[in-house]
Each structure stands twice: as C-alpha cells, then as structure tokens.
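Subject: Structure for you to look at

Hello,

Please keep it open while you go through the notes below.

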Amino acid sequence: MKPTLLSLLFAFLALSRSLALDVRDFGALGDGRHLDSPAINAAIESAASAGGGLVVVPEGTYLCYSIHLRSGITLRLERGAVIKAAPVTDTEGYDEAEPNESRYQDYGHSHWHNSLLWGENLHDLTIEGEGLIDGTDVLKRDGPRRGYRGMPQANKALALRDCRRVTLRGVSFLQCGHFAMLLTGVDDLLIEDLLIDTNRDAIDIDCCERVVVRRCRVNSLCDDAIVLKCSYALGRPKPTEHVLVEDCEVCGYDVGSFFDGTCTTLVEKAPDGDGPTGRIKLGTESNGGFRHITIRRCKFTHCRGLALETVDGAAMEDVDVSDLTMHDICNSPIYIRLGDRMRAPKGFHPSTVRNIRIRHVKVTDADSRYACLIAGVEGQPVRDVRIEHLSVQFRGGLTMDDYREQRGVNPFFIPSARKPSQLGEANYPEPSAHGIQPAWGFSISHAENIRLRHINLETKVPDERPWLHQKDTRKVRMKHIQVNKERQF
C-alpha cells in the first residue's frame with residue numbers, strides 16, 4: 001500500500017520530535033561572553049514549529065537574557081552546561097514585566113515575563129539534565145528594577161503561568177533572585193531531583209493542582225525553600241491541591257555554600273531579623289485554598305520549622321505530614337496559623353483550618369522562644385489538629401521575665417519593624433510576630449478539637465516557663481505526654 005500524504009505528514013512529525021536540536025547549530029557559542037539567548041530561542045522555536053521536540057544545551061556557559069519556552073519542548077541541559085543570567089547593558093535587557101493586578105499579592109507573585117526563562121499557557125514542557133541555571137550577581141529580589149538606560153531587569157530564574165503537564169528534573173539552580181521558580185496555575189506538575197541554592201524563595205507552587213515534588217535539595221537562608229501558595233495572582237481564586245512533597249531536604253546555610261559543599265553558617269539572620277528561613281511552608285498568600293496536601297520523609301537542617309499558614313481567606317484542610325526530621329531549628333518546630341490579614345477582594349470569606357494531621361516527627365536542638373505554636377483568632381479557631389509521635393528537644397534557658405519583658409500584658413504583641421507596637425491578627429504570620437511565649441513546649445490559642453498523643457518534650461538546659469500554655473481552647477485532648485522524662489498525661 002502506498003503511503004498517503006497524511007501518513008507521511010504524521011511520520012515527519014514523529015521523526016522531528018525524536019531529533020535533538022543542538023543550540024550550537026543555531027549559533028550558540030557557550031563561551032560565557034557571547035550572548036546566546038537568541039540562538040537558544042531560535043532552537044526552541046524551530047522545535048515548536050515542528051510540533052515539539054528535544055533542544056539540547058551542551059557543555060559550556062551560555063550568557064542569556066529571557067528564554068521563551070514553548071509547548072511540547074524538552075530543554076535538556078547536559079552535564080557542564082550553564083545557562084547564565086546576563087547583566088543588563090545600555091542596549092539590551094530582559095523582557096518587561098507584563099501588566100497584572102497586584103493589590104492582593106506581592107509584586108513578585110504578580111509577574112512572570114521578567115525572568116531568565118518563562119512560559120505562559122503551555123503544555124507538555126520538560127526542563128531536565130545535569131546542568132545549571134545560574135543567576136549569580138544578576139537576578140535580584142527587587143521589583144520593577146531597571147538597568148542601564150532603563151533596560152528591564154529580571155528577578156527570577158524560571159516562571160510559568162497557566163501551564164499543564166510540566167516536568168522539572170535534575171537541573172541545579174544557583175542564586176536566582178526573588179524566586180528560583182515561580183509556578184502559578186501549573187497543573188500536573190512533577191519536580192524531582194533538583195539542587196537549589198538561592199537568594200530568596202526557591203520553589204513557589206501557587207494555585208497548582210496535582211503536583212509531586214520529590215528528592216529535591218534546597219538551601220534558602222533568606223526565604224522559604226519549598227512553599228505552597230494560593231494567591232489571587234490569576235485574577236481569581238484557584239486552590240493548590242493534591243500536592244505531594246516527599247524525600248526532600250531543606251536548609252538555611254549561607255547562600256552558595258550548600259552548592260559548593262561547605263555549608264557555612266556565617267550569616268545568622270534572614271532579612272526579617274530572625275534566624276535562617278529555608279523551610280517548607282504553606283502560605284502566606286492564601287486566597288484559593290489548600291486541600292489534600294501530603295508532606296512526608298523530609299529533612300530540615302539549620303532553618304525554621306514547618307509552617308502551615310492561611311491568613312487571606314483560604315480554607316486549609318486535609319493536610320497530612322509524617323516522618324520529618326529536624327535539627328538546629330531557629331523558631332517554632334511546628335507553626336499552625338489561622339490569621340485575619342485578608343489581603344483579598346472585598347467581601348471575601350474568612351480563613352479556616354481543619355483536619356491537620358502531623359505524626360512521626362523528631363526534632364533536635366530547637367529554639368524554645370516560640371514553642372510549637374497553634375494559633376487561630378477569636379471566633380475563628382483552628383480546628384481538628386492531631387499531632388502524634390512527636391519528639392522535640394528544645395534548647396531551653398529562658399525565664400518568665402524574658403516573656404514578660406517582651407510581651408507585657410498583650411497576648412499578641414507584634415514586635416515588627418513593619419508595624420511596630422501593634423496588636424494584630426492582620427500582621428504578617430511568623431512565629432516571631434507572637435513574641436516569646438509563656439510556655440516552651442506547646443502554646444495553643446483560639447483552637448478546638450486538638451489531639452496530642454505520644455509526645456516527648458525535653459530541654460537541653462532548664463527553662464523556667466511551663467511546658468504548656470492554652471488560651472481560648474476547647475477539647476484539647478492529651479495522652480502519653482512525657483516532659484523532661486516525667487509523665488504528664
């Protein structure tokens with residue numbers, strides 16, 4: 001049988017997708033001096049015009065401005081390949097940040113085009129390999145910055161908006177500005193085997209559904225390592241749901257020292273004045289809802305603890321956390337916060353927290369200023385939290401005077417540089433915003449139906465405060481509680 005024109009066309013498309021396009025064949029030099037983003041973009045466009053395919057970046061350093069990702073593309077960075085953010089000149093720079101409403105979320109969460117690599121409304125995209133995406137000395141946290149003669153700057157390494165079926169695998173990221181990756185409205189997302197050592201947020205998963213993050217190693221001294229959000233950046237509330245984070249390592253060593261293996265701790269504080277960040281967190285931008293979130297078999301080192309926060313009207317429910325190890329933790333090992341910041345359209349529903357389960361967590365050398373902290377607001381309690389098989393070794397060493405001198409008589413005094421001397425559920429949610437707690441083990445307020453079972457708490461040195469503080473709580477049930485080797489319940 002003779003082949004038809006249609007069958008030949010399908011055969012051609014299948015062949016084109018199987019061929020690898022080498023960016024050097026499109027003019028890329030990889031010498032670290034020549035601007036290679038035009039050649040890389042040309043290779044991507046060529047593959048996209050053929051219906052998709054593999055674009056290979058071989059060993060070398062490729063100086064780039066904005067790279068435009070396309071549907072059906074696999075961008076492979078081979079071992080020794082570096083996509084390096086190029087400094088802005090007086091004639092060339094990055095893509096402009098696109099217009100978008102930013103009243104309800106930070107500027108950085110509202111724009112994607114001002115990035116080293118970006119894509120919008122894409123499907124079936126893969127970025128993989130053993131190479132490096134490097135923003136050192138170029139990508140910053142700043143908002144709408146301009147370089148020479150007003151040329152636009154970039155403030156993130158990778159940004160995707162409204163995409164489907166995306167895989168990010170194996171690549172390393174170094175010093176990538178405000179975000180190593182901002183992924184907004186990206187559904188059916190797989191992130192695995194990444195190494196990230198960056199300036200601020202590393203992996204931001206915002207308004208995404210059906211997500212797996214596994215075997216990633218992330219260092220982010222100055223901000224969060226793996227953070228789930230559900231902002232209003234898409235112009236509508238969209239949940240982040242059905243997310244699995246497993247077998248990941250997060251930490252807060254000096255920027256760049258995790259990547260080079262030295263893991264130094266010379267910088268003692270993040271920009272907010274507290275210790276290194278580097279944690280796994282839900283929040284703060286929280287409009288659309290967090291549902292069906294699983295976090296398991298993850299390691300926290302020299303950073304803040306697990307934070308589950310909803311403050312802008314999102315429902316946080318069905319969160320399952322298990323098998324965590326933490327060491328050298330600089331604030332609350334576990335922080336569950338329902339707040340009333342309500343950065344949301346007028347009339348938006350209030351935040352809720354229910355059905356949180358945390359089990360099999362072991363913590364050593366934890367800061368005892370803030371305890372394990374569960375806090376709702378008056379009339380809006382945190383509900384249905386179960387914490388089981390938790391072991392925490394706190395540093396201890398504080399007194400009731402330490403508590404009284406900082407907090408006075410106000411149970412939610414906010415010693416914040418942003419809004420000094422202000423009470424409030426409307427402030428930024430962070431354990432330090434609550435001040436030193438009147439207990440070193442657990443501090444629970446505005447909460448109901450809380451279960452604590454098989455809990456072992458101890459201090460390295462004596463602490464004058466009691467181990468437990470409660471305020472406005474109902475149905476707090478405790479069983480098998482041991483404190484400094486003495487049975488309490």
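Which backbone oxygen does the side chain of Ser-332 reach, and at what distance? The side chain reaches the backbone oxygen of Ala-371, at 2.8 Å. That is a polar contact (a pair of N or O atoms within 3.5 Å; within protein, one must be able to donate a hydrogen and the other to accept it, and residues adjacent in sequence count only if both atoms are side-chain atoms).

Before the rest, some ground rules: this is a predicted model, in which local features need pLDDT of at least 70 and side-chain atom pairs count only at pLDDT 80 or more, while totals for chains, interfaces and linings use all residues. Residues are numbered from 1 along each chain as its sequence is written, and side-chain values use heavy atoms, with hydrogens and water left out.

Ser-332 is found in the loop between β25 and β26 (334-338); strands here are DSSP runs of E of at least two residues, numbered from the N terminus. Ser-332 is buried, with a relative accessible area of 1%. Buried means under 20% relative accessible area, exposed over 50%, and partly exposed in between (1.4 Å probe, protein chains only). Leaving aside neighbours within four places in sequence, Ser-332 is in contact (heavy atoms within 4.5 Å) with residues including Gly-305, Leu-306, Tyr-370 and Pro-431.

Nonpolar cores

The largest nonpolar core has 115 residues. Such a core is a set of buried Ala, Val, Leu, Ile, Met, Phe, Trp, Tyr and Cys residues joined through side-chain atoms within 4.5 Å. Leu-69, Phe-173, Ile-191 and Phe-442 have the most contacts inside the largest core, and strand β32 (residues 442-461) gives the most to this core, with 7 residues. In soluble globular proteins, nonpolar side chains tend to be buried together.

Salt bridges

A search of the whole structure finds 47 salt bridges, each being a side-chain nitrogen of Lys or Arg within 4 Å of a carboxyl oxygen of Asp or Glu. Take Glu-192 and Arg-169, whose closest N and O atoms are 2.7 Å apart. Glu-192 lies in strand β13 (residues 179-192) and Arg-169 in strand β11 (residues 156-169), so this pair ties together parts that are 23 residues apart in sequence. Glu-192 is buried at 8% relative accessibility, whereas Arg-169 is partly exposed at 30%.

Glu-209 and Lys-238 form another salt bridge, at 3.1 Å from N to O. Since Glu-209 is in strand β16 (residues 209-214) and Lys-238 in the loop between β18 and β19, the bridge ties together parts that are 29 residues apart in sequence. Both of these residues, Glu-209 and Lys-238, are buried. Pro-239 is in that loop too, between β18 (226-230) and β19 (240-246). Pro-239 is buried as well, with a relative accessible area of 13%, and touches Glu-209, Cys-207 and Gly-288, among others.

Glu-246 and Arg-214 also meet in a salt bridge, again with 3.1 Å from N to O. Salt bridges that share partners join a set of residues, including Arg-169, Glu-192, Arg-214 and Glu-246, into one network.

What is the nearest side chain of opposite charge to Asp-204, which is buried yet has no salt bridge? It is Lys-229, 4.3 Å away. Asp-204 is in strand β15 (residues 201-206).

Backbone and cysteines

Most residues other than glycine have a negative phi, and most peptide bonds are trans. The peptide bond from Gly-283 to Thr-284 is cis, with omega near 10 degrees. Asp-323, in strand β25 (residues 315-329), has a positive phi of about 60 degrees although it is not a glycine. Asp-384, in strand β29 (residues 382-396), has a positive phi near 60 degrees.

How many disulfides does a search of the whole structure find? The search finds 0, a disulfide being a pair of cysteine sulfur atoms within 2.5 Å. The closest cysteine sulfur to that of Cys-64 is in Cys-176, 13 Å away and too far for a bond. Likewise, the sulfur of Cys-222 is 12 Å from the closest one, in Cys-330, which is too far for a bond.

Regards

Conventions
Helices (H or I, at least four residues) and strands (E, at least two) are DSSP runs, numbered from the N terminus. Lys and Arg count as positive and Asp and Glu as negative; His and the chain ends are not counted.
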